[in-house]
Amino acid sequence: MAKAAVFIADGSEEVEALTPIDLLRRAKVEVDIVSIMPSLEIVSSRNIKITADKLIGDINFDDYDLLVLPGGVKGTNNLNACELLKENLVKFNEQGKGIAAICAAPTVFAGIGLLNGKDATCNPGCWGELRKNGANVIEDSKVFVNGNVITSQAMGTSVDFGLALVAYLCGEEEAEELRKIIRFGAI
C-alpha cells in the first residue's frame, strides 16, 4: 500500500491540505498528517484548528512514497523554516521519490534548488520566486507533473492536485475512477 505524508504548520491553507488527504484516503493510500510545529494541533490560515496524526520528529521518512506540502503564505513560511523537512525533500528528490506542493509551497522546492531547470507551476503571485530560482513556470497548467515532482496553482486546483497525487501513487485509472465518483456520486 502506498503511503504519503502531508505536512502542516500554523498558517497552512486548509483546503489545500485536507482535499488531497481526502482524495488519497478515498484511493486507499495511507496518509499521515504531520505537524512541523511543536504541537499536533495547528491553526490554519482561516483559523481552523487541525489536529495532526504525528509530529515531524516522530516519523521515519523512509516509510513514505510521497511528501506533500499545502500552501498558505504563513504556512509556507513555516514549512520553509523546517530544516528537517527540507533535508528530506532533497533526499526524496535525489531518490526519485514523490514530492508535491500547491499554491505558495512550490517556493520551498525552488528555494532549495529542486526546480532549477524544471517545469513547474504555483500560485501566480509566486511565479517570480520560482523563476528567480531557475524554474520554467508553466502558467496555464492547474497541476504540472514533472517526473516525481508535482506542483499546483492554488486552492481552486486542490481537487486536480489531489487527483494527480492519486494518479502518481495508484495509477491514472484509479484517479479517473475517483474523478467520476466525486463528480457524479456513487451509490
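**Reading contacts, helices and charged pairs**

Reply: Leaving aside neighbours within four places in sequence, S141 is in contact with T121 and Q153. Please bear in mind throughout that this is a predicted model.

Me: Where is S141 found, and is S141 buried or exposed?

Reply: S141 is found in the loop between β9 and β10. Its relative accessible area is 13%, and a residue counts as buried under 20%, so S141 is buried.

Me: Which residues is S12 in contact with, once its neighbours within four places in sequence are left aside?

Reply: S12 lies in the loop between β1 and α1. With those neighbours left aside, S12 is in contact with F7, S44, S45, P70, G71 and G75. S12 counts as buried because its relative accessibility is 2%.

Me: How does one check the span of helix α1?

Reply: Helix α1 covers residues 14-26, which is 13 residues. At 1.5 Å a residue, the helix should span 18 Å, and the end C-alpha atoms are 18 Å apart, so the two values agree.

Me: Which residues of α1 are buried, and what covers them?

Reply: An α-helix has 3.6 residues a turn, so residues three or four places apart point the same way. In α1, the buried residues are E14, E16, A17, T19, P20, I21, L23 and L24. Their cover includes the strands β1 (3-8), β2 (30-35), β4 (49-51) and β7 (98-102), together with helices α6 and α7.

Me: How do the axes of α6 and α7 cross?

Reply: Two packed helices are described by the angle between their axes and the distance between the axes. For α6 (residues 158-170) and α7 (residues 172-184), the axes come within 7 Å and cross at roughly 145°. The crossing of α6 past α7 is right-handed.

Me: Which residues of α6 and α7 meet?

Reply: From α6, the residues are V159, L163, V166, A167 and C170; from α7, they are E172, E174, A175, L178, R179 and I182. This contact comprises 8 nonpolar residues, no polar ones and 3 charged ones.

Me: What is the distance between the closest N and O atoms of R179 and E172?

Reply: Side chains of opposite charge can pair when their charged atoms come close. R179 and E172 form a salt bridge in which the closest N and O atoms are 3.9 Å apart. With a relative accessible area of 29%, R179 is partly exposed.

Me: How many salt bridges does a search of the whole structure find?

Reply: The search finds 13 salt bridges. One joins E139 to R131, with the closest N and O atoms 2.5 Å apart. E139 is partly exposed at 40% relative accessibility, and R131 is likewise partly exposed, with a relative accessible area of 40%.

Me: Which parts does the pair K142 and D160 tie together?

Reply: The side chains of K142 and D160 meet in a salt bridge at 3.9 Å, N to O. K142 lies in the loop between β9 (136-137) and β10 (143-146), and D160 lies in helix α6, so the pair ties together parts that are 18 residues apart in sequence. D160 counts as partly exposed, at 29% relative accessibility.

Me: Which residues are linked in a network of salt bridges?

Reply: K3, E30, D32 and K54 are linked in such a network.

How values were computed:
Residues are numbered from 1 along each chain as its sequence is written. This is a predicted model: local features need pLDDT of at least 70, side-chain atom pairs count only at pLDDT 80 or more; totals for chains, interfaces and linings use all residues. Side-chain values use heavy atoms; hydrogens and water are left out. Axes are lines fitted to C-alpha atoms, for helices over the stretch in contact, and angles run from 0 to 180 degrees between N-to-C directions. Helices (H or I, at least four residues) and strands (E, at least two) are DSSP runs, numbered from the N terminus. A crossing is left-handed if the near helix is turned anticlockwise from the far one by less than a right angle, and right-handed if clockwise. Contact means heavy atoms within 4.5 Å. Ala, Val, Leu, Ile, Met, Phe, Trp, Tyr, Cys and Pro count as nonpolar, Asp, Glu, Lys and Arg as charged, and the others, Gly among them, as polar. A salt bridge is a side-chain nitrogen of Lys or Arg within 4 Å of a carboxyl oxygen of Asp or Glu. Buried means under 20% relative accessible area, exposed over 50%, partly exposed in between (1.4 Å probe, protein chains only). The expected span of a helix is 1.5 Å times one less than its number of residues.
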